[in-house]
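Work through the exercises below with the sequence and the 3D structure at hand. Each task is followed by its solution.

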Amino acid sequence: MALNLDGAKPIYLQISEWLENEILNGHFVSDQKIYSQYQLADIFNINPATAAKGLNILAEEQILYKKRGLGMFVTSNAKEMIVSKRKNQTLKRLVQEIVIEAERLKVSKDELIEMINITIMRRAGE
Amino acid sequence: MSVIECKGLTKAFGGTKALDNFSCKIEGNTITGLIGRNGAGKTTLLKIIAGYLQQTTGEITVFSERPFNDLTVSANVIFVHDQLNLPTALNLKEILDVMASFYQNWDRELAQRLFDYFSLHPMQYYNGLSKGMKSTFNMIVGLAARTPLTLFDEPTTGMDAAVRKDFYRALLKDYIAYPRTIILSSHHLDEIEDLLEDILLMQRGQMLLHMSVTDLKEWAVGLEGRTVAVKEWTKNREVIFSKNGGLDQTYVVVRNDFTAAELQKVKLAGIKTLPVSSSDLCVYLTSKTKGGIDDVFNKG
């Protein structure tokens with residue numbers, strides 16, 4: 001995966017989201033050791049301090065836990081925590097953006113819901 | 001522990017002050033980007049840190065020593081710039097051998113591998129190299145010396161894009177393996193910012209900003225939208241940059257001291273909030289007028 005270096009999102013947030021995705025995908029399971037700041041720095045070609053900031057966000061949210069001298073590990077209910085966080089924050093924000101854009105385009109509520117339904121059906125059909 | 005401490009550093013050349021009451025602290029094991037316009041005092045600062053020049057007034061310590069004419073400092077610091085005075089009678093291989101005898105941590109193998117990778121020839125002479133190849137050779141010296149403090153002044157002058165990319169990668173990899181204090185001056189902030197931990201922005205011999213790159217990215221915010229709406233939100237703030245774009249559209253950069261609730265209101269007012277890239281921000285902060293080059297062409 002490449003980071004979106006010019007993007008709106010700070011790199012350390014992209015790092016923490018990437019790690020969350022790795023946990024959601026099952027690439028890292030409970031109590032498994034996650035990448036160190038130096039491995040992340042090497043993988044993404046970024047300063048180790050930036051990578052550490054990405055890790056620390058997840059440690060603060062208790063998605064990761066620290067073992068002194070050993071590194072950071074995945075918390076047992078990390079997956080559930082990520083899912084509920086993304087639902088309450090990321091998804092809500094995206095929905096708000098959709099609603100604002102719909103208002104701008106004078107798309108009615110029913111029309112918008114219809115568009116969402118179609119998208120869901122199309123994906124189910126794939 | 002701070003590796004470098006400067007307090008009220010001033011360096012005058014004739015009537016002009018290249019450094020003017022400059023103070024800062026550089027922490028150990030960090031990569032700091034030294035950014036500023038031409039003539040901001042970057043090279044003078046690096047020369048004083050390396051002990052090449054003595055300040056006019058003020059104090060500086062490097063590894064707790066005064067750097068000027070100090071052997072400890074010169075053994076622990078390498079200053080790489082495009083006017084390195086390398087012996088013209090020695091070929092590149094011989095120069096590397098001399099370097100190896102001077103710098104205690106010199107990594108012979110790394111020097112050799114980089115030397116081969118960039119297709120330099122041991123029998124070549126430094127003065128016979130192109131501008132880009134000179135910079136490449138300097139970079140190899142700077143990395144292989146592995147001194148506790150490494151200063152790169154515009155290291156990528158003349159390098160093509162591929163070599164620049166390789167250099168940044170090599171610098172990062174060697175830093176990860178052997179953490180040390182590195183200062184990198186550059187005009188290409190957009191190219192180096194991901195490598196950096198801190199940015200030190202200089203203007204007219206003074207320090208304008210010194211903060212982590214991640215903080216700098218959130219330090220300012222761009223607001224874009226209808227002029228009236230944007231003006232409403234920026235009227236009591238210091239405008240860092242503003243530009244009129246299109247019909248009744250304004251883009252304004254201000255300090256990002258909005259609360260989350262305020263940002264929400266801004267968005268609902270139909271104003272886009274955009275991140276300001278570090279390199280744009282540094283240009284805005286160090287430009288002499290608020291408008292920039294466009295003002296030159298705006299008569300009346």
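A salt bridge is a side-chain nitrogen of Lys or Arg within 4 Å of a carboxyl oxygen of Asp or Glu. The model used here is predicted.

**Exercise 1.** Find how many salt bridges there are between chain A and chain B, and examine the pair Lys173(B) and Asp42(A).

Solution. Start with the pair: the closest N and O atoms of Lys173(B) and Asp42(A) are 2.9 Å apart. The cut-off is 4 Å, so the pair forms a salt bridge. The count between chain A and chain B is three salt bridges.

**Exercise 2.** Describe the side of chain A that touches chain B: which elements give two or more residues to it?

Solution. The elements are α1 (11–24), α2 (37–44), α3 (48–60) and α4 (78–104) of chain A. Of these, α3(A) gives the most, with four residues. By kind, the residues on this side divide into 11 nonpolar, four polar and two charged.

**Exercise 3.** State the area buried between chain A and chain B.

Solution. First, the contact takes 17 residues from chain A and 17 residues from chain B. Next, the buried area is about 1,500 Å², and carbon and sulfur atoms give 51% of it. Last, Asp42(A), Asn45(A) and Asn47(A) supply 33% of the area that chain A buries against chain B, more than any other three residues.

**Exercise 4.** Decide whether Thr156(B) is buried or exposed.

Solution. Locate Thr156(B) in the loop between β6 (149–153) and α6 (161–177) of chain B. Its relative accessibility is 5%. Buried means under 20%, so Thr156(B) counts as buried. Leaving aside neighbours within four places in sequence, Thr156(B) is in contact with Arg164(B), Phe167(B), Tyr168(B) and His188(B).

Definitions and conventions:
Residues numbered from 1 in each chain as written. Chains lettered and ligands numbered in written order. Predicted model: local features only at pLDDT ≥ 70, side-chain atom pairs only at ≥ 80, totals over all residues. Heavy atoms only, no water. Contact = heavy atoms within 4.5 Å. Buried area = accessible area lost by both parts, 1.4 Å probe. Nonpolar A, V, L, I, M, F, W, Y, C, P; charged D, E, K, R; others polar. Buried < 20%, exposed > 50% of the residue type's maximum accessible area, 1.4 Å probe, protein only.
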